[in-house]
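Please study the structure shown below and work through the exercises that follow it.

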Amino acid sequence: MAYKAPVRDLTFILSEVLEIDRYTNQPGFQDVSSELAQQILEEAGKFADEVIAPINNPGDKEGCHWAEGGVVTTPKGWKEAYHQMVEAGWPSLMMDPAYGGQGMPSVIGSAVGQFTAGASAAFSMYPGLTAGAWAGIHANASEELKQKYLPKMSTGEWTGTMNLTEPQCGTDLGMVRTKAVPNGDGSYSITGQKIWISAGEHDFADNIIHTVLARVEGAVPGIKGLSLFVVPKFLVNEDGSLGERNTLECAGLEHKMGIHGNATAVMQYDGAKGWLIGEEGRGMNNMFVVMNEARLGTGLQGLAIGTAAYQAAAEFAKDRLQGRSLTGPKNPDGPADPIIVHPDVRRMLLEARAFVEGGQAFILWTALQADLEKSEDEAVATKAKDYMGLLTPVLKAYLTDKGFHAASLAMQVHGGSGYTEHFPASQYLRDARITMIYEGTNGIQALDLVGRKLPAQGGRAIMTWFGEIDAFVAEHGSNEAVKPFIDGLADVKKKLQEGTMWLMQNGMANPDNAGAASTDYLNIFGLTALAYAWSQMAIAAQKQIEAGSTDPFYVAKLQTGRYFVERILPDAAAHLTKLKTGADVLMSMPVEAF
């Protein structure tokens, strides 16, 4: 089954749900219309379907190749596909025009990103990591460094990476040992080893720009002693041409469960020349720009894999003949009925579809907040910034959890066929699993949500979020046609509020209570976010139906949303019950009993 970019679903969200034409007064939207957005999405969808998707499965089977001297070759056809992407201008879509970009809003770029990641999660990581490194340099580096590196990173001629993890430290970056020694000329010598560096070495580009977390010699221990550096594979001359090779190399590639087409490198830095991004000792603050970009990208990636897996399962279910319908044959001339007639198969398909379509709207709504952060209206910008901080861990963790769940359901629909490598289900499942782990495991995202994001500015973001939902419910509560959606949203918001109060009362007294409740709390938050997204989509779809549209797209959207409200949203009650049990059942057992 060939992947098909969900162009119609995302144009519906952009044009009819978010109504992006309303934002022409906001920075970055002046020349953007729903018509232009549709044209961009149609072309991006075609590129994803015709250029990227065909190399996904062969690339998974072949993987990347490492040779002596740190030379890495990507799977057959991948370099050529990447060069086509660069020539078509896709990497520069969202980049700052001051550095060679097209300046499209994040909400457009996030839609295009879903197509690329759905067509091939592993391939999408090369431009994705570049965008993260680009953001870190753009936000914090000197103008000199920006002018030197960003233009060719904008176009995709050069790629980028983020280098955090070391053998002895993953989440606890205070244990970083990579050291930076000042050279006296503004540069530093960077020495150390970094592991699990996605796109750390490859044959796509002439230069790879690494952003590297390191400790300046003599700096204080822990997080506060870290600084961030730009360390290019090839040094760049004053005229922008490439100079000598820097003293860094790929010491090997990881052998992984999935994303085989992406080169996951062990990077060795031996006195490599690097330049400080921002100020010394501000490395973690500066790296958070890169990490937040990557976390949003990872949520998008997990959701996009789930979308592709659902598509494959739906096609399989319509073709696979097994058994007869419980209500009598639906394919009387054939030996059996297609398995899509069976209620439990439909349960799995609708479960996956309800998550991925709700997730698509949640991603684009959040991406719109990233655009509104740039608003000249201080109140609009503050609210959007608060939402981005609050929702980033929810989006990353919830959508990757559910993207993997969708991929698992898709494999189940395929039955034994899905467990073989003859069908795409196994690759989707393997590729999706890493999204729950990298860029901060989902457990860490839950801790970040309850420990940092909720109490920030005295809880301002969550109170604004509650207020927005209350206002939405009040505005649409009398709309009988979408009443189940609005009632469902009001109910799950009430449960989220109850969980928030429980955390405030019990988390402070015993921090383990907050830790024990964090994942269930994040799940209630994710359900609330999707209930809000589905309510907005239901209103938009119902509006078209009432205006006389006979397009089955709108009816299917409402039917899928109904499944979400009736069979997924009730999970919030179980999460709230578990949340309130506290830490005792988790922490009372002695270590030696495990």
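The exercises below concern helix packing, a cavity and a pocket in this predicted model.

**Exercise 1. Helix 1 and helix 4**

Task: Determine how helix 1 and helix 4 are oriented to each other, and which residues meet.

Solution. 
Step 1. Two packed helices are described by the angle between their axes and the distance between the axes.
Step 2. Helix 1 covers residues 7-17 and helix 4 covers residues 106-119; their packing angle is about 165°, and their axes lie 11 Å apart.
Step 3. Angles over 145 degrees count as roughly antiparallel, and helix 1 and helix 4 are therefore roughly antiparallel to each other.
Step 4. The crossing in which helix 1 passes helix 4 is right-handed.
Step 5. From helix 1, Val 7, Leu 10 and Leu 14 take part, and they meet Val 107, Ile 108, Ala 111, Gln 114 and Phe 115 of helix 4.
Step 6. Sorted by class, this contact of helix 1 with helix 4 holds seven nonpolar residues, one polar residue and no charged residues.

**Exercise 2. Helix 4 and helix 7**

Task: Describe the crossing of helix 4 and helix 7, and state what classes of residue form their contact.

Solution. 
Step 1. The axes of helix 4 and helix 7 cross at roughly 55° and come within 8 Å.
Step 2. An angle from 65 to 115 degrees would count as roughly perpendicular and one under 35 as roughly parallel; helix 4 and helix 7 are therefore oblique to each other.
Step 3. Helix 4 and helix 7 form a right-handed crossing.
Step 4. Helix 4 contributes Ser 110, Gly 113, Gln 114, Ala 117 and Gly 118, while helix 7 contributes Leu 300, Gln 301, Leu 303, Ala 304 and Ala 308.
Step 5. The contact of helix 4 with helix 7 has five nonpolar and five polar residues, with no charged residues.

**Exercise 3. Helix 9 and helix 14**

Solution. 
Step 1. Helix 9 (residues 378-414) packs against helix 14 (residues 511-546) at an angle of about 90°, and their axes are 9 Å apart.
Step 2. Among the residues in contact are Leu 390, Pro 393, Tyr 398 and Lys 402 of helix 9, and Asn 523, Phe 525, Gly 526 and Leu 530 of helix 14.

**Exercise 4. The largest cavity**

Task: Find the volume of the largest cavity, and which element gives the largest share of its lining.

Solution. 
Step 1. The whole structure contains three cavities of 30 Å³ or more.
Step 2. The volume of the largest cavity is about 80 Å³.
Step 3. Its lining includes Ile 13, Val 17, Phe 362, Trp 365, Trp 465, Tyr 532 and Gln 536.
Step 4. Helix 1, helix 8 (343-372) and helix 14 each give two or more residues to this lining, and helix 14 supplies the largest share, four residues.
Step 5. By class, the lining of the largest cavity has ten nonpolar residues, one polar residue and no charged residues.

**Exercise 5. The second largest pocket**

Task: Characterise the second largest pocket by its space and its lining.

Solution. 
Step 1. The second largest pocket holds about 980 Å³ of space.
Step 2. Its lining has 34 residues, and Thr 165, Ile 437, Tyr 438, Glu 439 and Gly 440 are those nearest its centre.
Step 3. Two or more lining residues come from each of strand 5 (187-198), helix 7 (283-319), helix 10 (425-433) and helix 11 (442-453).
Step 4. Helix 11 gives the most, with five residues.
Step 5. The lining of the second largest pocket divides into 17 nonpolar, nine polar and eight charged residues.

Technical notes
Residues are numbered from 1 along each chain as its sequence is written. This is a predicted model: local features need pLDDT of at least 70, side-chain atom pairs count only at pLDDT 80 or more; totals for chains, interfaces and linings use all residues. Side-chain values use heavy atoms; hydrogens and water are left out. Axes are lines fitted to C-alpha atoms, for helices over the stretch in contact, and angles run from 0 to 180 degrees between N-to-C directions. A crossing is left-handed if the near helix is turned anticlockwise from the far one by less than a right angle, and right-handed if clockwise. Contact means heavy atoms within 4.5 Å. Ala, Val, Leu, Ile, Met, Phe, Trp, Tyr, Cys and Pro count as nonpolar, Asp, Glu, Lys and Arg as charged, and the others, Gly among them, as polar. On a 1 Å grid over the protein atoms alone, a cavity is a set of points where a 1.4 Å probe fits but cannot get out, and a pocket is an open set with protein on both sides within 12 Å along at least five of seven lines; lining residues have an atom within 4 Å of a point. Grid points are joined across faces, edges and corners, and a volume is the space filled by probe spheres set on the points.
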